[in-house]
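Subject: Structure for you to look through

Dear colleague,

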Amino acid sequence: MSFKDECGVFAIFGHSDASALVALGLHALQHRGQEAAGIVTFDLKQFHSERGLGQVGEIFSNQDVIDRLPGHCAIGHNRYSTSGETILRNVQPLFAEFEFGGFAVGHNGNLTNALNLRKQLVKQGCIFQSTLDTEVIIHLMATSRHNALVDRLIDALRQVEGAYSLVAMSNDTIIGVRDPNGVRPLVLGKLENDCFILSSETCALDIIGASYIRDIEPGELIVIDLNGIQTIRPFAPKKSRFCIFEYIYFSRPDSILNGKTAYEYRKKLGEELANEDDLKADLVVPVPDSGNAAALGYSQKKNID
């Protein structure tokens, strides 16, 4: 069995080397998606995009590529496919031109009603360029009767169902959103006075020397622009249902989840397993690599080498 809903997203606002920092952030999040990666930037005049199949180091290690991505705002995405084929037109972030300007979005999760929404939108005349569920959000925004960017996005997200964390960018604005149940992770960090970061995990903050501020809360929409940070809560409160696989499989061991590292949770799970069974063993073998901490906790509790 394979788990395929752990894409990585990363965004930065207010840094002259935004694209280079996003590339580093995506490198730290490589474990969340190894099929493809992409970055979109904004340089106060126009948007720039680079996307490719493969790992981050294969796509963004060349300085010439980074030089083609100028701007102080940028968002990036690592892909581990949940819907759509592994082809270039399905690589995120997706980009579209609206009446209010350009809009780019990168999404981690699954929209469970995307197929039905897609059929309705196609009947209305929408033309899809990918097979991603993420593109549904763009078309829902395009057909929204609201005028403002944030209002259009909220209108779109109120129509979708499922688990998601997303980062988006329009002109000189960065947006981050978590679904009302908070299934997928998203954290806020800070690098300099007015340089804010959104990331799937705290390990991507560490690689660029940024500090962790807090988790984006379930159902929270955060807007970052020249005026600072604004928080909007457009959804009715729901019970938190954070994905258990972030603790045991998805997240990197050094990432912080609810106040502790994933490593600590996994080691404690191994200890708890040792408490619950009477198995006599001479050796504990972790499979896969994310099981190392659990195996260590189990073996130490059982005094097994």
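To look for open space, a 1 Å grid is laid over the protein atoms alone, and a pocket is an open set of points where a 1.4 Å probe fits, with protein on both sides within 12 Å along at least five of seven lines, its lining residues being those with an atom within 4 Å of a point. Grid points are joined across faces, edges and corners, and the volume is the space filled by probe spheres set on the points. This is a predicted model, in which local features need pLDDT of at least 70 and side-chain atom pairs count only at pLDDT 80 or more, whereas totals for chains, interfaces and linings use all residues. Residues are numbered from 1 along each chain as its sequence is written, and side-chain values use heavy atoms, with hydrogens and water left out.

The largest pocket holds about 250 Å³ of space, and of the 16 residues that line it, Leu-273, Val-287, Gly-291, Ala-294 and Ala-295 lie nearest its centre. Helix 8 (244–250), helix 9 (262–276) and helix 10 (292–302) are the elements that give two or more residues to this lining, where helices (H or I, at least four residues) and strands (E, at least two) are DSSP runs numbered from the N terminus. Helix 9 supplies the largest share of the lining, four residues.

The strands

Strand 8 (residues 173–178) has six of its six residues buried, so it is largely enclosed by the rest of the structure; here buried means under 20% relative accessible area, exposed over 50%, and partly exposed in between, with a 1.4 Å probe and protein chains only. In a regular strand the side chains alternate between the two faces of the sheet. In strand 8 both faces are covered, with Thr-173, Ile-175 and Val-177 buried on one side and Ile-174, Gly-176 and Arg-178 buried on the other.

Strand 8 runs antiparallel to strand 7 (residues 162–170), to which it is joined by six bridges, and two strands are said to pair if DSSP finds at least two bridges between them. Along this pairing, Ser-165 stands opposite Arg-178, and Met-169 stands opposite Ile-174. The two strands form a hairpin with two residues between them, and Asn-171 in the turn has a positive phi of about 50 degrees. Strand 8 is also joined by four bridges to strand 12 (residues 221–225), again in the antiparallel sense, and there Ile-175 stands opposite Val-223.

Strand 7 is likewise largely enclosed by the rest of the structure, because eight of its nine residues are buried. Strand 7 pairs with strand 6 in the antiparallel sense over eight bridges, and Gly-106 stands opposite Val-167 of strand 7.

Helix 4

In helix 4 (residues 114–123), the residues Ala-114, Leu-117 and Leu-121 are buried. Seen down the helix axis, the buried residues fall within an arc of 65 degrees, so they line one face of the helix, the arc being that of the directions from the axis to the C-beta atoms. These buried residues pack against strand 6 (101–111) and helix 5 (134–142), where contact means heavy atoms within 4.5 Å. The face turned away from the buried side carries the exposed residues Leu-115 and Lys-123.

With best wishes
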